[in-house]
Amino acid sequence: WLRLARDVLTVESLQEDNDASYDRVEDALARAEALIAEGDETIEEPWEIDFLRISMARLRFIGQSGEQGVDRSELRDGLLLQFVATEEKYPDEGELKKRLHAIYGLLEQPSEQERVYTWMKENAPSWEVLAIDAQKPVKEKDYIAARDLYRQALDQAKEDPEATRESKAEL
């Protein structure tokens, strides 16, 4: 259901002007939530539902802004509130924290980003923290330093029995 919601949201986001309808996305998300409520564990990251709802809200906000344009600070503040609420709903989800670290950076929220980084250092495998550390040299265009950090993270991930093949490939 999440894949369907993601795909439909992508298609609807490409619609011209206000032609986008999110009813099918809402339906798919409601079905995913029903599965979770029934105890179905096939949805590994239920916070993805919240992320899709946030994406939908962002697209609606932009669509409703029309000709006057988007108030970027209003959009940023609204997104921030929604992401913080999602984080509070799922306080111990490492993958969520990793995604939020990047999102808080994009939203120019260094205190939120630092708070998530501190959580990661205390709770996540060291190779995941190294992968986050590698983002700084990338932004500074120091690709050699970033490569070295990613290599170090990959070496540690190879030794970690909890690391998945996907997470190693991501590095």
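This is a predicted model: local features need pLDDT of at least 70, side-chain atom pairs count only at pLDDT 80 or more; totals for chains, interfaces and linings use all residues.
1. The side chains of Arg-115 and Glu-112 form a salt bridge with an N to O distance of 2.4 Å, a salt bridge being a side-chain nitrogen of Lys or Arg within 4 Å of a carboxyl oxygen of Asp or Glu. Both residues belong to helix H6, three residues apart, which is about one turn of the helix. Helices here are DSSP runs (H or I, at least four residues), numbered from the N terminus. Arg-115 counts as partly exposed, at 36% relative accessibility; the classes are buried under 20% relative accessible area, exposed over 50% and partly exposed in between, with a 1.4 Å probe and protein chains only. Through shared partners, salt bridges join Glu-87, Lys-97, Glu-112 and Arg-115 into one network.

2. Residues are numbered from 1 along each chain as its sequence is written, and side-chain values use heavy atoms, with hydrogens and water left out.

3. By the rule given above, the salt bridges come to 11. One of them pairs Arg-99 with Glu-48, at 2.9 Å from N to O. This pair links distant parts of the chain, with Arg-99 in helix H5 and Glu-48 in helix H3, 51 residues apart. Glu-48 is buried, at 10% relative accessibility, whereas Arg-99 is partly exposed, with a relative accessible area of 33%.

4. A further salt bridge joins Asp-50 and Lys-89, whose closest N and O atoms are 3.2 Å apart. It too links distant parts of the chain: Asp-50 lies in helix H3 and Lys-89 in helix H4, 39 residues apart. Asp-50 counts as buried at 15% relative accessibility, and Lys-89 as partly exposed, with a relative accessible area of 49%.

5. The largest nonpolar core has 20 residues, of which Phe-51, Phe-83, Leu-100 and Met-120 touch the most other members. Helices H3 (47–65), H4 (72–89), H5, H6 and H7 are the elements that give two or more residues to this core. A nonpolar core is a set of buried Ala, Val, Leu, Ile, Met, Phe, Trp, Tyr and Cys residues joined through side-chain atoms within 4.5 Å. Apart from its neighbours within four places in sequence, Phe-51 is in contact (heavy atoms within 4.5 Å) with Phe-83, Thr-86, Leu-96, Arg-99, Leu-100 and Ile-103. A second, separate core of 13 residues includes Val-8, Leu-29, Ala-32 and Leu-59.

6. Helix H5 spans residues 94–106. Its 13 residues reach 19 Å from the first C-alpha to the last, close to the 18 Å expected at 1.5 Å a residue; the expected span is 1.5 Å times one less than the number of residues. The buried residues in H5 are Leu-96, Lys-97, Lys-98, Leu-100, His-101, Ile-103 and Tyr-104.

7. Glu-108 has a positive phi of about 55° although it is not a glycine. Glu-108 lies in the loop between H5 and helix H6 (110–123) and is exposed, at 60% relative accessibility. Lys-141, also a residue other than glycine, has a positive phi near 60°. Lys-141 is found in the loop between H8 and H9, and at 63% relative accessibility it counts as exposed.

8. Helix H9 (residues 143–159) has 17 residues and reaches 24 Å from its first C-alpha to its last, close to the expected 24 Å. Ala-146, Ala-153 and Ala-157 are buried in H9. They cover an arc of only 40° around the axis, which puts them on the same side of H9; the arc is that of the directions from the helix axis to the C-beta atoms. Ile-144, Lys-158 and Glu-159 are exposed on the other side of H9. The cover over the buried residues of H9 includes helix H7 (126–133), helix H8 (135–139) and helix H10 (165–170).

9. Finally, Glu-170 is found in helix H10 and counts as exposed at 56% relative accessibility. Glu-170 and Thr-86 are 84 residues apart in sequence and 24 Å apart in space, C-alpha to C-alpha.
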